[in-house]
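Please read it beside the sequence and the coordinates.

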Amino acid sequence: SDLPAIALEPGGPSLLFEVITPDGRVIRPAGAPPIGVDEVAASGPLALRDVTVAGSHYRVLVARAGQGFTVLLARPLNEVDETLRALGVMMVVIAAGGVALAAGLGMAVTRAAAAPVARLSDAAERVSQTGDLSLRIEEPSTPDEVGRLAQRFNTMLGTLERSVTAQRQLVADASHELRTPLTSVRANIDLLASGK
């Protein structure tokens with residue numbers, strides 16, 4: 001009534017093996033734990049079930065062998081479970097690495113794209129603090145929106161610089177032109193005041 005244990009290969013996991021007789025008697029190898037899937041026998045000629053036997057995960061093949069006999073073959077899945085767990089951990093690590101890499105590349109691209117705008121902002125701030133309209137920003141070599149904005153900014157600074165220079169020249173010329181008549185008026189007032 002005892003059956004020998006079956007090994008898939010030397011050193012490999014042992015299969016659990018049971019035969020259920022037509023009268024319901026269970027025949028298994030000596031010392032082997034019961035598989036405990038008797039109720040599956042009536043479900044059809046072949047069935048697969050996952051069960052836990054003596055704390056280990058097994059996949060059980062239930063086969064009806066004819067004349068009322070049912071054969072149960074259970075293979076341990078501990079190695080498969082460990083491999084799946086390792087793959088799960090590896091997938092999480094790879095996904096986390098991919099997210100971190102994408103975030104890093106995104107930040108690098110954003111900084112590279114924002115650098116010309118930051119330079120433009122710094123130049124505008126320097127002009128507003130110093131009042132030096134001769135400052136210019138380096139125009140990017142790419143003909144994109146930022147490059148055109150830098151070009152327009154430099155053009156605006158040039159126009160504003162010329163306008164301020166022309167205004168100063170106008171004030172200087174007007175002051176020079178008004179100096180001569182004022183000197184003459186002052187001399188006449190001084191002469192009249194002295195009574196001569």
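Buried means under 20% relative accessible area, exposed over 50%, and partly exposed in between (1.4 Å probe, protein chains only). The model is predicted, so local features need pLDDT of at least 70 and side-chain atom pairs count only at pLDDT 80 or more, while totals for chains, interfaces and linings use all residues. Residues are numbered from 1 along each chain as its sequence is written, and side-chain values use heavy atoms, with hydrogens and water left out.

With a salt bridge taken as a side-chain nitrogen of Lys or Arg within 4 Å of a carboxyl oxygen of Asp or Glu, the count comes to 2 salt bridges.

| Glu-18 | Arg-28 | 2.9 Å |

Glu-18 is buried because its relative accessibility is 1%, whereas Arg-28, at 24%, is partly exposed. In the other pair, Asp-50 is partly exposed at 43%, and Arg-59 is partly exposed at 36%.

Val-80, Leu-84, Leu-87, Met-90 and Ile-94 make a nonpolar surface patch of about 460 Å². Patches consist of residues with over 30% relative accessible area and no salt bridge, nonpolar side chains (Val, Leu, Ile, Met, Phe, Trp, Tyr) being joined within 5 Å and like charges within 9 Å; accessible areas come from the Shrake-Rupley method with a 1.4 Å probe, and for residues only the protein chains shown count as cover. Leu-84 lies in helix α1 (residues 78-130) and is exposed because its relative accessible area is 52%.

Notes: Helices (H or I, at least four residues) and strands (E, at least two) are DSSP runs, numbered from the N terminus.
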